[in-house]
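Reader: I have the sequence and the model open side by side. Can you walk me through it?

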Amino acid sequence: MLTRRTALHLLAGSALGLSAAGRPAFAAPPLITPVDLRGAIDAGEQGMIPGASDNQSKRFQQILDKAARRGMPVYLPPGSYSVSNIDLPDGTRLVGAAGASRLIYSGDGHLLRAENAARIDISDIAIDGANRWLADYTEALLSLRSVGDLFLDNCEILGSRKNAVKLERCGGRIERCHIAGAADTAIYAIESDRLSISGNRIEDCGNGGILVHRWTKGPDNSMITGNRIARIGARDGGTGEHGNGINLFRADNAMVINNHVSDCAFSAIRANSSSNAQISGNQCLSSGETAIYAEFSFEGAIVSGNVIDGAANGIVVCNFNEGGRLAVVTGNIVRNLSLTGPYVHDGAGFGFGIAVEADTVVSDNVIENAPKWGMMLGWGPYLRNVIASGNVIRGAPIGLYVTVVEESGAALITGNLFDDTPNGAIIGYRWNDKATGELLDGAGGHSHLTISGNRRV
């Protein structure tokens with residue numbers, strides 16, 4: 001049967017089928033001219049044969065090249081096709097029958113790649129790496145470089161020995177795809193230009209889910225929305241460079257919105273040196289380390305409306321010592337945290353709900369069941385211009401940690417409600433050491449603090 005997407009492609013012009021020669025692949029719908037789908041562009045050519053035991057790469061490459069030159073889409077009928085070392089020409093429009101048209105990597109090099117193309121469209125195709133070896137020169141089953149407008153829709157990408165999809169200097173959209181079983185990362189995008197990654201299902205990958213990185217810090221403008229990501233490992237170890245569901249690195253002006261991320265070895269969402277990041281409306285479940293991170297040299301982060309249930313730490317907005325500053329952390333639910341993380345921490349450790357440092361408003365959040373501190377303001381001298389107001393913190397040994405180390409900047413702590421905080425509602429610290437008694441009713445002589453209107457029940 002024709003999908004709606006296939007019909008739209010066929011309406012754009014003549015289509016090419018890759019069925020066996022002389023055998024129609026499907027009947028054309030009544031509103032368009034009947035289409036010859038014998039698998040050959042010119043008379044006498046042989047098409048692809050579904051399920052054939054021989055490698056059909058040469059035929060496949062010839063059909064793609066001729067179709068692209070003539071501006072024609074290629075339709076891949078249901079069946080499995082064994083291919084390798086396919087170079088997608090500029091203007092490739094490859095369409096299949098969703099769940100039934102399969103390209104299976106036969107080994108000995110790469111599967112699909114493209115470079116310096118204005119546009120590449122791939123829809124309704126299953127791309128199966130069969131867990132076969134990939135050559136050193138390629139990093140993914142689908143490897144694209146300098147593609148101005150990529151459209152990858154409703155595809156399955158399975159069984160890669162490296163990354164599933166690797167993009168460099170690409171724009172466009174990756175939508176509604178199912179990506180699973182990559183030994184490294186599902187989608188690894190570098191130096192993107194307004195890339196949209198939306199509505200995908202990603203699971204069981206060795207080192208990462210969606211990575212949006214840049215070689216140098218600058219505008220990336222990517223949108224990562226509505227994806228479902230689960231069971232992401234950290235096969236290559238480390239302290240956070242691997243094991244994240246969504247990871248921004250040096251990518252400014254990116255949006256991470258309304259994703260469902262669960263069971264990641266490290267963070268559900270990690271933004272490293274990424275300014276103007278918006279992280280909102282995400283569901284973050286069972287993270288092995290900090291559920292949501294905005295860290296290192298960034299300016300500007302909004303972390304709002306997220307639900308975090310299960311993590312070592314909840315939300316951390318930090319590294320003022322590296323220039324990390326300017327954030328709003330509001331309207332989040334953070335609960336059920338753990339003292340145990342994936343490595344031995346040499347700083348504040350694990351078990352706290354929300355931590356912020358500089359030029360930040362943290363308000364209207366609910367934190368529950370944090371085994372160390374509910375909220376943490378500053379670390380050593382790294383505190384400046386922080387407001388903590390209207391938060392509910394319950395079920396933590398100490399409700400709010402605030403640094404009282406010399407040279408700490410101003411903090412305003414007002415209108416917060418503390419419940420079941422047996423060792424104190426607001427306590428001053430010097431690094432990891434308790435330095436004050438209860439500060440609920442005043443700043444205790446610390447001139448950088450303003451504390452009022454808080455209540456402990």
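Reader: Start with the inside. How many residues has the largest nonpolar core, and which have the most contacts inside it?
Author: The largest nonpolar core has 104 residues, and those with the most contacts inside it are Leu88, Leu152, Val165, Leu377 and Ile426. A nonpolar core here is a set of buried Ala, Val, Leu, Ile, Met, Phe, Trp, Tyr and Cys residues joined through side-chain atoms within 4.5 Å. Buried means under 20% relative accessible area, exposed over 50%, and partly exposed in between, with a 1.4 Å probe and protein chains only.

Reader: Which strand gives the largest share of this core?
Author: Strand 9 (residues 140-153), with 6 residues. Strands (E, at least two residues) and helices (H or I, at least four) are DSSP runs, numbered from the N terminus.

Reader: What other core lies apart from it?
Author: Another core, of 13 residues, with Tyr293, Ala355, Met376 and Ile398 among them.

Reader: Before I go on, what sort of model is this?
Author: The model is predicted: local features need pLDDT of at least 70 and side-chain atom pairs count only at pLDDT 80 or more, while totals for chains, interfaces and linings use all residues. Residues are numbered from 1 along each chain as its sequence is written, and side-chain values use heavy atoms, with hydrogens and water left out.

Reader: Fine. How many helices and strands has the chain?
Author: There are 2 helices and 44 strands. Of the 457 residues of the chain, 58% count as buried. Among contacts (heavy atoms within 4.5 Å) between residues at least 6 apart in sequence, 62% join residues at least 24 apart.

Reader: Now pockets. What is the volume of the largest pocket?
Author: About 650 Å³. On a 1 Å grid over the protein atoms alone, a pocket is an open set of points where a 1.4 Å probe fits, with protein on both sides within 12 Å along at least five of seven lines, and lining residues have an atom within 4 Å of a point. Grid points are joined across faces, edges and corners, and a volume is the space filled by probe spheres set on the points.

Reader: Which lining residues are closest to its centre?
Author: Of the 32 residues that line the largest pocket, Tyr293, Glu295, Cys318, Asn319 and His345 are the closest to its centre. Strand 32 gives the most to the lining, with 3 residues. By class, the lining has 14 nonpolar, 12 polar and 6 charged residues. Ala, Val, Leu, Ile, Met, Phe, Trp, Tyr, Cys and Pro count as nonpolar, Asp, Glu, Lys and Arg as charged, and the others, Gly among them, as polar.

Reader: And the second largest pocket, what lines it?
Author: The second largest pocket has a volume of about 230 Å³. Its lining includes Arg113, Glu115, Tyr137, Glu139, Arg145, Lys166 and Glu168. The classes there are 3 nonpolar, 2 polar and 6 charged. Strand 7 (112-123), strand 9 and strand 11 (163-168) each supply at least two of the lining residues.

Reader: Change of topic. Is Ser192 buried or exposed?
Author: Ser192 is buried, at a relative accessible area of 5%. It is found in the loop between strand 14 (185-190) and strand 15 (195-198). Beyond its neighbours within four places in sequence, Ser192 is in contact with Cys170, Arg214, Asp220 and Ser222.

Reader: Where is Val405?
Author: Val405 is in the loop between strand 38 (398-403) and strand 39 (411-414), and is buried, with a relative accessible area of 9%. Val405 and Gly380 are 25 residues apart in sequence and 5.4 Å apart in space, C-alpha to C-alpha.

Reader: Which phi value is positive for Asp263?
Author: About 55 degrees, although Asp263 is not a glycine. Asp263 is in strand 22 (residues 260-264) and counts as partly exposed, at 40% relative accessibility.
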